[in-house]
Amino acid sequence: MWSDMIGNTVGLIALALGWRRSIWTWPAQFLSGVILVAAYASAQLSGGVGKQLLVIGVALWGWRQWTRGRQQAQDGSIAIRFATWKERGVLLAGTAVGTLAVGALFSAVPDLSWNPWPDAYIFVGTLAAMVAQARGLVEFWFAWLLVDVVGVPLAFSSGLAFSGLVYVVYLALVLWGMRDWWLRSRAAASQPVMEGAPA
């Protein structure tokens with residue numbers, strides 16, 4: 001379907017904008033979700049519609065987080081950092097519990113997903129990545145990487161060649177973005193505190 005192709009392409013653009021730390025990553029993710037809602041609705045896939053509505057909600061929240069102005073770097077872009085161990089633990093625990101809950105729901109209601117557990121893992125992992133991105137955490141790239149590890153083979157094995165190709169491009173962008181955010185975070189952390197400036 002054209003709507004599916006366009007929605008996934010806009011999703012790729014959103015990820016590229018996230019790598020550039022552009023505020024436009026969130027409107028792009030919102031638009032991608034809206035287009036995919038239309039795609040799933042026309043295909044009468046209520047589970048897909050519900051998942052994309054949650055993605056749209058997180059995109060709006062992330063957009064608000066980045067426009068609040070509290071995470072701005074000196075160059076006017078979004079400030080990024082590594083998560084604390086507590087934040088990492090919360091993300092991991094939330095992803096694990098969420099995957100179990102969503103997987104159980106998908107298994108109990110087969111109409112929501114044709115492949116419950118991998119689908120739940122990808123869905124909850126995507127939400128976790130978006131939440132980490134909204135907070136400017138480098139770990140958001142690792143979350144995307146873990147999603148792609150399952151998403152790429154699942155898409156190709158299911159005969160969804162275009163979706164598989166999208167995940168492959170996602171993987172390339174993730175690796176590139178991860179390297180860029182990692183280096184920027186290390187550089188920011190190693191900068192000496194200016195004399196007289198608050199530590």
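**Exercise 1.** Which residues does phenylalanine 30 touch, not counting residues up to four places away in sequence?

*Solution.* Before starting, note that this is a predicted model, where local features need pLDDT of at least 70, side-chain atom pairs count only at pLDDT 80 or more, and totals for chains, interfaces and linings use all residues. Residues are numbered from 1 along each chain as its sequence is written, and side-chain values use heavy atoms, with hydrogens and water left out.

Step 1: Find phenylalanine 30 in helix 2. Helices (H or I, at least four residues) and strands (E, at least two) are DSSP runs, numbered from the N terminus.

Step 2: Look for contacts, meaning heavy atoms within 4.5 Å. Phenylalanine 30 touches Ile56, Ala59 and Leu60.

Step 3: Check a neighbouring pair. Valine 58 is 28 residues from phenylalanine 30 in sequence, and their C-alpha atoms are 8.7 Å apart.

Step 4: Judge the exposure. Buried means under 20% relative accessible area, exposed over 50%, and partly exposed in between (1.4 Å probe, protein chains only). Phenylalanine 30 has a relative accessible area of 28%, so this residue is partly exposed.

**Exercise 2.** How many helices and how many strands are in the protein chain?

*Solution.* Step 1: Count the elements: the chain has 7 helices and 0 strands.

Step 1: Write them in order along the sequence, which gives α-α-α-α-α-α-α.

Step 2: Turn to the whole chain. Of its 199 residues, 44% count as buried. Among contacts with a separation of 6 or more, 68% are between residues 24 or more positions apart.

**Exercise 3.** Which residues touch the most other members of the largest nonpolar core?

*Solution.* Step 1: Know the term. A nonpolar core is a set of buried Ala, Val, Leu, Ile, Met, Phe, Trp, Tyr and Cys residues joined through side-chain atoms within 4.5 Å.

Step 1: Among the 38 residues of the largest core, Leu15, Phe140, Trp141, Trp144 and Trp181 touch the most other members.

Step 2: Ask where the core comes from. Elements giving two or more residues include helix 1 (2–19), helix 3 (46–67) and helix 7 (161–190). Helix 5 gives the largest share, 9 residues.

Step 3: Zoom in on tryptophan 141. Leaving out residues up to four places away in sequence, its contacts include Leu15, Trp19, Leu173, Met178 and Trp181.

**Exercise 4.** At roughly what angle do the axes of helix 4 and helix 5 cross?

*Solution.* Step 1: Axes are lines fitted to C-alpha atoms, for helices over the stretch in contact, and angles run from 0 to 180 degrees between N-to-C directions. These two axes come within 8 Å and cross at roughly 145 degrees.

Step 1: List some partners. Among them are Leu91, Gly94 and Gly98 of helix 4, and Trp117, Tyr121 and Phe123 of helix 5.

Step 2: Compare with the record. UniProt, in an unreviewed entry, places the feature "transmembrane region" at residues 90–109 and 154–176. Such positions are in the numbering used here, feature names are shortened, and annotations may be inferred rather than shown by experiment. Over residues 90–109 the model is 95% helix and 0% strand, with the end C-alpha atoms 28 Å apart.

**Exercise 5.** Is arginine 21 buried or exposed?

*Solution.* Step 1: Locate arginine 21 in the loop between helix 1 and helix 2 (25–42).

Step 1: Its relative accessibility is 9%, so arginine 21 counts as buried.

Step 2: Look at the backbone. Arginine 21 has a phi near 60 degrees, a positive value in a residue other than glycine.
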